[in-house]
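The sequence and the structure come first, and a description follows.

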Amino acid sequence: MARPALKKLATGPSDAREEFIRLCSRGRLKDALHHRFHEGLWSEPNLFSHLFRACRALPLLRQLHAFAATSGAAADRFTANHLLLAYADLGDFTTARTLFERIPRRNVMSWNILIGGYIKNGDLETARKLFDEMPARNVATWNAMVAGLTNSGLNEESLAFFLAMRREGMQPDEFGLGSLFRCCAGLRDVVSGRQVHAYVVRSGLDMDMCVGSSLAHMYMRCGFLEEGEAVLRVLPSLSIVSCNTIIAGRTQNGDSEGALEFFCMMRGVGVEANAVTFVSAISSCSDLAALAQGQQVHGQAIKAGVDKVVPVMSSLVHMYSRCGCLGDSERVFFGYSGTDLVLCSAMISAYGFHGHGKLAVDLFKQMMARGVEPNEITFLTLLYACSHSGLTDEGMECFELMTKTCGLQPSVKHYTCIVDLLGRSGRLKEAEALILSMPVRPDAVIWKTLLSACKTQKIFDMAERIAERVIELDPHDSASYVLLSNIRATSSKWEDVSMVRETMRKHNVRKEPGVSWVEFKGQVHQFCTGDQSHSRQREIDECLEEMMAKIRQCGYAPDMSVVFHDMEDEEKEVSLAHHSEKLAIAFAFLSLPEGVPIRIMKNLRVCDDCHVAIKLMSKVTGREIVVRDVSRFHHFKDGKCSCGDYW
């Protein structure tokens, strides 16, 4: 294809210079180097800086370097600094360092350029060494170091640099302050953040959009949602950055409903959402298990043209999975033409959460075959999938692959998955030995995992011993006491159960109540165990009584062992019949059209009695019932559960 004709140049040198700069800014270097511009380059060396800024390839940069050296322009410090910047941006630090040493009368900019290049390349050690060697520094130098350390997660060092900067009498600008607030956010250091906030107010920078957004982000990451939003409310305008800060802040602080409300308000006032906004909004729908809202947000992401952005797709995979729609997760995942580690990890997690361990392992193998290197998160989702599907051998093979082949260091979460894997298969002594020998310090969660396995395997002597460890590590967590109480109640040791309750009262520990909820017509209906407050409670009780009668005819017998109280059998049966998930299911039967799957969410694990009862409910009604508990999904259909009674 013929090259487009150049715009006809005016005869004046000013017009020629402007045309040259315009061509460089558009990346048309060959046109800029047309013979009609040679004279200007020889007479005005500063024009070389525009060529260097536009250069995106090392071979061409080296040619331009030779041209500049021949013309004598390379001896000019201003031109040499831009050449140095070009080499640093393209990653040729050998040439950049040589050029730096030869720059006549190096100034602070020369040092800053080289330091910034090393920071951008991740070589903080060399950048720090150059920083220490500098004869003089300016605000930009300190900003570069503070930002570089913050971006690398070295927040304590970043804060120390800022304090040293202040001791030298330097006044940080808006760029340095933005990095510093991100540093405080990473440390969850609201005390230091408030001190810097006071400086910002005194300096009159509290109305700066960049500073204000970073300050609000700091407060929200530290858990001070109201203070963060108060900062944003005084900013001169509502920007996409400030909106994203509020939505992400609310999501991260557990206010998912508030995040979605603000998302709707933002769109209502005309602020266009971007990919970052949609990731937070979709995550909020995921936390709430609000399928209808999630589908609406997905549709808006499609209209905005960001539905194929990988972080958005990963959020959608997670959201549909958490709402019980594994098929929709698969449709999103397989709609991506490439292979992305984050997206694959999200899909492996989805398979694991729904008990499809073999599909998770197969996807992992496909990912490896395509040359994608797994990371710690990928292996964590894979081990979780194996442990929740009874794939003991596959899980142990994956753990060996992680540690020996990939050379990754397992965290306590990885070891917890292996303990769960071994415990579920009855290898309790092996699981305990692993905890005692692992190189990382065990936490209460890993011991609780083993305690749960002891209960499942009915190894009560070991359970009593493990329970002591758990309660010693985390005396304020109710789950450990409930497990121990359950174990003792199974053996009808009611006096020992009373001792557990007395210990809970002593430590002011309260059992977390069972809560289940179901979404109907965009509204979430919540039920607590034994709750009688719903507006349709009479209908719910009648429906539940009728359903319990039907499943009794199919052989259902209440499992009294899961009732922790020493009460009469009739009272126990009434208590079991009014567990929160049973109430939610009865409401869903009354409300949802026939044939529509029932989706229930629960804050605790499904108890043994409810698991048996819901299987039979799915059989006698012919309805699919999907229950998400704190651990996984259960798909009940035709009297069977997708977990294979393995949860």
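## A bridge at one end of the sheet

Phe 636 has a bridge partner in strand E6, namely Cys 641. The model shown here is predicted. Strand E5, residues 633-637, pairs with E6 in the antiparallel sense, and 2 bridges join them.

## The sheet as a whole

The pairing of E5 and E6 belongs to an open sheet of 6 strands. Their order across the sheet is E2-E1-E3-E4-E5-E6, and the pairing is mixed. Strands E2 (523-528) and E6 (640-641) are the edge strands, each pairing on one side only.

In general, strands of a sheet pair through backbone hydrogen bonds, in either a parallel or an antiparallel way.

## The fold overall

Along the principal axes, the C-alpha atoms fill a box of roughly 100 × 55 × 50 Å.

How many of the contacts between residues at least 6 apart in sequence join residues at least 24 apart? In this protein the share is 62%.

## Burial, surface and charge

Of the 647 residues in the protein, 50% are buried. The accessible surface comes to about 31300 Å², and carbon and sulfur atoms account for 52% of that surface.

The protein carries 73 positive and 77 negative side chains. The centres of these two sets lie 6 Å apart.

Technical notes
Residues are numbered from 1 along each chain as its sequence is written. This is a predicted model: local features need pLDDT of at least 70, side-chain atom pairs count only at pLDDT 80 or more; totals for chains, interfaces and linings use all residues. Side-chain values use heavy atoms; hydrogens and water are left out. Buried means under 20% relative accessible area, exposed over 50%, partly exposed in between (1.4 Å probe, protein chains only). Contact means heavy atoms within 4.5 Å. Accessible areas come from the Shrake-Rupley method with a 1.4 Å probe; for residues, only the protein chains shown count as cover. Lys and Arg count as positive and Asp and Glu as negative; His and the chain ends are not counted. The place of a charge is taken as NZ of Lys, CZ of Arg, CG of Asp or CD of Glu. Two strands pair if DSSP finds at least two bridges between them. Helices (H or I, at least four residues) and strands (E, at least two) are DSSP runs, numbered from the N terminus.
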